[in-house]
Each structure stands twice: as C-alpha cells, then as structure tokens.
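Please keep the sequence and the structure at hand while reading.

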Amino acid sequence: MTEIGHIVIGLIVVSAAIYLIIFVSQRLTAHKVAKLVEQKEKLTEIPMRDRLVKGRQLSLTGQSLQQFQILERKYEQLEKTGFAAIDEAANQVLYDSQGLNFVKSGQGLKQLQQQIRDAETVIDIVNQGLKDLEQLDIAHKQAVKDLEVAYQGLRKQLLAESFSYGPAIDKLEEVLGSLEDEFAEFARLTEAGDHAAAAKIYETLGMETPQLEQRMAQIPDLDKTLEETLPDQFKELKEAYQELDKRGFKFTFDVEAYLAELEKERGIALDLLAALTLKKVQAKLDELAEKTDHLYETFDNEALAAQKVFAQGESLQTYLVADRKVNHDLMIDLDRLAQDFIFSKNEVGQVQRWRTELAQVGTSLTELNNKIGQHEVVFSELLAPQKELRAHLARIEEEQTALAKELALLPKIVSQTRQRVVLLKEKMRQIQRMVERQGLAGLPNEYLHQFYVVADELGRLEQQLDSSRVNADDVQRQSSIVTADLDTLEEKTQAVLEAAAITERLVRQASRYQDQAAVREATQQARYYYEHEYDYQKAVATLGATLDQLEPGLTEKTRQLYRQEQATLKAEFESRSQDSAVDSQA
C-alpha cells in the first residue's frame, strides 16, 4: 500500500473516533438534560397551589399576611417564569450539544442544574414558611385557650384569698388586669390572623404570667410573717421588757426605742410588699429576724446574768467572811507566837495589808449591792467585776493559808532543829575521837581552822536555840549551813587520817629499799612533812612518787587496801549497832 493510502486510512480512523466522541457526548448530555427536566416536572407536580389556598384560609392579617404574600409571590414567580426558563435552558443545552462547542454546552448544563436547585430551594422555603404559619396559628389559638383558663383561675384566687395577700392585693390586681388587657389584644390578633404581632405579646405574657404566679405563691407566707408572726413576737418582747423593767432590769441600749424601730421597719417591709418587691421584703424580714433574735437573746442573757449575780453575791459575801476570819486568826497567832519567835518577813505587815484588801473588797461588794438595790446596773456587766473580786479573795485565801501553814510549822521547825543540833554535836565528837584515836603528832593549820569554824557555827546555833525568842528561818538556814560544813569537815578528816595512815605504811614499805639513796632521801623528806608540818598529803605524794618508780602502782594499792579495811570495819560496826538495837527493843 502506498503512503497516500496509509494517510487516507488514518484520516478515516481519526474521523471515526471524533464522530464517536461527539456522538457519545451528545447522548450523555441528552440523558442528563432529560433527568433534569424530569426533576423539574416532579417540582411542578407538588401541590403548592393547594397549599397556598389553604394558607389563605387562615385569614392572615398584618405581618403574618405580609409574610404569606412574600411566600406566595416567590412561588408565583417560579410558576410563571422559573419553570419556563428551565425548559428553555434545557432546549438550548440540547441544541448546543449538537455542535462542536463542548465548552458552551457544558456551561449551559451547569446553569441548568443550578436553576433546578434554585427551584427546589424556593419550594422548600415556601413549604416551610406555610408550615410555620400553620403551626403558629395552631399554637396561638391553643395559647388563647390556656391563658384564658389561667387568668380566670388567677382572678378567682385573688377574689377568694384576697385577705392572704395583705397590702399586695391592689398591686396584684393591677398586674393581673394589665396581663388580661395584653391577653385580650393577643387573642384579637390571633383571631385576626396577625400571628407575627401576636407572637411578641405572647412572649411577654409567657414571661410575666409565671412571675405573677410565683409572686402569688410567695406573698401569703411573707404577709403572714409581717401581719401575724412579727406582731406577736413584738408583743411578747414588749411584755417581757415591761416585766423585766418592773423587776429593776437595766440594759445597755434603749429597748423601747429598739422595739419602736422594729415596728417601723415592719411598716417599711409592708410597703415593699405592697410594691411587690419581694426580694427586698425577704431581705428586710431577715434583718428583722436577726434583730428580734438579738433582743430575745439579750433578755435571756440578762435574766441568766441576774441569777448568777445574786448567787455569786451571796457566795462572795461568804468568801469574804471566811477570809476575814482567817485574817483575824492569823493576827492572833502572830501575837501569840511573837513571845517565842522572831519574825523576819514582816508577817504582821502582810496580814495587815490583807486586812486592808479585804476591807476594800467588802466596800466593793457593798457598792455593787447598793447599785443592784437601786436598779442602777446592767446585770451582765456585773459578772466581770464579781469575777475579779472572787479572784482577789482566792489570792488572799491562798496567801493567808500558806502563812498559816508556815506559822503552824514554827514549833516543829525549832524542835527538829534542836534534834539536829544534838546529832551534829554527836557527829562533831565522833570526828574528834577519830582524830584522837589516830594519835597523830599534829594536824594541818587549814584543817584546824575548818574544825574551829564548824565548832563556832554549831555553838552559835545552839545559843540561838536557847534564846527566849527564836528566829525559825534563821536557825533553819544556819542548821543547813552547819550540816553542810560538818559534812565537808568529815570528808577532810577522812582525807587527813587516810593520808597519815598511808604515809606510815609507805614508810614501812620503804625499809625494803634502804640501799636506794633516793628512797632514803624521800623517806626523810616524808618524815619531815609528817612530824613537823603535819602535811600528810604532801608526805604521801613525796614518798609515793619515789616508791612508784621502783614498784609501779604501789601507792594506789596501799590506798585501796586501806579503804577496804575501813569499809569492813564500818560494816562490822553498823552490824553490831543493829544487833544492840534489836536486843534493847527485846
């Protein structure tokens, strides 16, 4: 086949393909247009005209009629021109699809689809609008029936229970009358079919009617409180005050003015109730309740305080008499004991000061009783002064009792001190015998000074006890000093005797080392301290240091052995003493 033949065949194939594409495109477009036209036909079959006729039968007026007319015009425009425009557009798309202008054909198809959607939207809007108008008509007509029943019930309730609303009845009737007027207008507009205008009134009625019902439910209790409860309480409080006033009660504030103010505030609350300002009425009632409770509490507190004041008055008087008796007895005891004892704490002056304080307490009690008798005081204000007087009497009682116990102990203190002096003297003699038995050449000057000091202290103490008048505090203090000094002397005596005994034993131990020049020299030095200076501690230290170098720990061993021997001797002595005591008792 020649080249020309191939070209011809190619052109034929391309032409066939193009024709096929055009054919398919035309058939698809025709199918889509047919579907859209079918949709339009279904829209025209919707009985919109019947629905509009039914809407006209609602006898609409005013704004509702305007809304209906707008809906009607929308559908009429669609019916007269919209559907025809869709048919025309469909034919144009089919015509354009026969040619080769695919772009124009596609744009026409899209416009046709939009026209169908617009038509559907218009029908939906009209349908919904008609439905809303029908439902509003039904709702408003039902509301007319419901509200008519409600207002009739409220009117009957106001007439039947007018007494329970007190001063609020006029305002309630005014509000109900206003609502009834608005209801009449609502019913007229509903009957006329002007549901749009009626809806605004219905919204107002829907808010104000429940408010009226709520007020009518609340007011009876509020009015009862203002007209019955509070007047009864005020009367009770007034009668209670008059009774308390007759009995001489006084208060920190003007009760009559307080009651008058409560009555005034009750009147204000009634005015607020008449104006239907119920929140303010409740706030005022809460305030009145608080003030009323305060007055009740004040009366109760004063009555209770009066009981306490009278009871404590008698108790305080008894307390005062008891303290005065103790004071009188103390003065007698001081006068009696002064013959045998010397007082160093100004006890007489203290008792006289207590007597003066008791006189002041007595004066205060008399003044309080006079004020009570003359009805010049508030009982609750007397509790604190009475408490202070009781504390004053309690302190005096405590201090006087302490002094009385001290005075009662004076003879016993002196007696015990005398017994202690006997024991101290015996202990002093024992110390002296211990030193004498040791047979020492002499004693250290420091020790002798301590010995004579203790002996002098003991002598002075004994002399004080033998005086015609004894200072018990001084002898007791001096007894403690002598006891402590004697204990110290005993310790020093033990130390001196121990040092002397250990020195003697160390000297004997030193005889074993006479071949040692250092031992001979230390022994001579220790003998000098022992025989001439009587410094036994120094003798032990001198000789012990030398011997410890030859025999470590010798001095300490000697000291421990000595102490063990002394402990054994002491135990045997105490055992024999106990056996002797048992034999003497048998």
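Is the crossing of α7 and α8 left-handed or right-handed? The crossing of these two helices, α7 and α8, is left-handed, as found in a model that is predicted.

## Helices α7 and α8

Helix α7 spans residues 255-274, and its axis comes within 9 Å of the axis of α8, the two crossing at roughly 160°. Because angles over 145 degrees count as roughly antiparallel, α7 is roughly antiparallel to α8.

On the α7 side the contact is made by Val255, Tyr258, Leu259, Leu262, Glu265, Arg266, Ile268, Ala269, Leu272 and Leu273. The α8 side contributes Leu278, Lys280, Val281, Lys284, Glu287, Leu288, Lys291, Thr292, His294, Leu295 and Phe299. Sorted by class, the residues of the contact of α7 with α8 comprise 13 nonpolar, two polar and six charged.

## Helices α11 and α12

Helix α11 (residues 445-465) packs on helix α12 (residues 472-510) at an angle of about 155°, and their axes lie 9 Å apart. That angle makes α11 roughly antiparallel to α12, and α11 passes α12 in a left-handed crossing.

The residues of α11 that meet α12 are Glu446, Tyr447, Gln450, Phe451, Val454, Glu457, Leu458, Leu461, Gln464 and Leu465. Their partners in α12 include Asp474, Val475, Gln478, Ile481, Val482, Leu486, Leu489, Lys492 and Val496. Twelve nonpolar, five polar and five charged residues make up the contact of α11 with α12.

## Helices α12 and α13

Helix α12 also packs with helix α13 (residues 517-533), at an angle of about 155° and with the axes 11 Å apart. That angle makes α12 roughly antiparallel to α13, and α12 passes α13 in a left-handed crossing.

Here Ala500, Thr503, Glu504, Val507 and Ala510 of α12 meet Val519, Thr523, Arg527 and Tyr530 of α13. The contact of α12 with α13 divides into five nonpolar, two polar and two charged residues.

When the whole structure is searched, one cavity of 30 Å³ or more is found, and the largest cavity holds about 30 Å³ of space. Its lining consists of Val309, Gly313, Leu365, Leu368, Asn369, Ile372 and Gln386. The elements that give two or more residues to this lining are α8 (278-337) and α9 (347-373).

Which element gives the largest share of the lining of the largest cavity? That share, four residues, comes from α9. By class, the lining of the largest cavity has four nonpolar residues, three polar residues and no charged residues.

Methods:
Residues numbered from 1 in each chain as written. Predicted model: local features only at pLDDT ≥ 70, side-chain atom pairs only at ≥ 80, totals over all residues. Heavy atoms only, no water. Axes fitted to C-alpha atoms, helices over the stretch in contact; angles between N-to-C directions. Parallel < 35°, antiparallel > 145°, perpendicular 65-115°, else oblique. Left-handed = near helix turned anticlockwise from the far one by under 90°. Contact = heavy atoms within 4.5 Å. Nonpolar A, V, L, I, M, F, W, Y, C, P; charged D, E, K, R; others polar. 1 Å grid on protein atoms, 1.4 Å probe; cavity = no way out; pocket = protein on both sides within 12 Å on 5 of 7 lines; lining within 4 Å. Points joined across faces, edges and corners; volume = space filled by probe spheres on them.
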